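Hello,

Here is the structure I promised to pass on. Have a look at it first, and my notes follow below.

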Amino acid sequence: MNTKLINIAALVSAFFGLLTIFAGGSVILDLFGMRELEGNYVPFVVWANFLCGFLYLIASYGFFRRKRWTAALMKFAFWILIAAVIVLLFWIWNGELYENKTIVALSFRILVTVGLMWIARSFKRQIPLDAIL
């Protein structure tokens, strides 16, 4: 795969990871009054995003070094986010409060993760995408 694209993926992964850790950590630890700013946040989704932030940072190293485990790491992040979607759906169906931006942000995060996973699969021998998912 194109070296430039892989380097961009590494930078996106690093930036996304740092941003996610900062935002999630700020809500979890209530830094800078972030809980109040976030409104009706869903704790499981915040924790899932926070964990994925660390996975994105580790994946950034994997992208830079062309490590074969990067795709598996992105697959793990993907399934964590799918679990967060399922929990969010139950949260909504139970009438709990949530913000619409949670759905938008989670959808965006899943798309970014799938994109990174697609790029990372180039480090392995050409494996069909259905084998990764």
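In which hand does H1 pass H5? The crossing is left-handed, meaning that the near helix is turned anticlockwise from the far one by less than a right angle. Helices here are DSSP runs of H or I with at least four residues, numbered from the N terminus.

Before going on, please note that this is a predicted model, where local features need pLDDT of at least 70 and side-chain atom pairs pLDDT 80 or more, while totals for chains, interfaces and linings use all residues. Residues are numbered from 1 along each chain as its sequence is written, and side-chain values use heavy atoms, without hydrogens and water.

The axes of H1 (residues 3-28) and H5 (residues 100-120) come within 10 Å and cross at roughly 145°; axes are lines fitted to C-alpha atoms over the stretch in contact, with angles from 0 to 180 degrees between N-to-C directions.

H3 (residues 43-65) and H4 (residues 70-93) have axes that come within 9 Å and cross at roughly 170°, so the two are roughly antiparallel (over 145 degrees). Just after H3, Arg66 takes a positive phi of about 55°.

Finally, there is 1 salt bridge, counted when a side-chain nitrogen of Lys or Arg lies within 4 Å of a carboxyl oxygen of Asp or Glu. Glu38 and Lys101 form it at 3.8 Å, N to O, linking H2 (residues 34-38) with H5 across 63 residues.

Best wishes

Conventions
Parallel < 35°, antiparallel > 145°, perpendicular 65-115°, else oblique.
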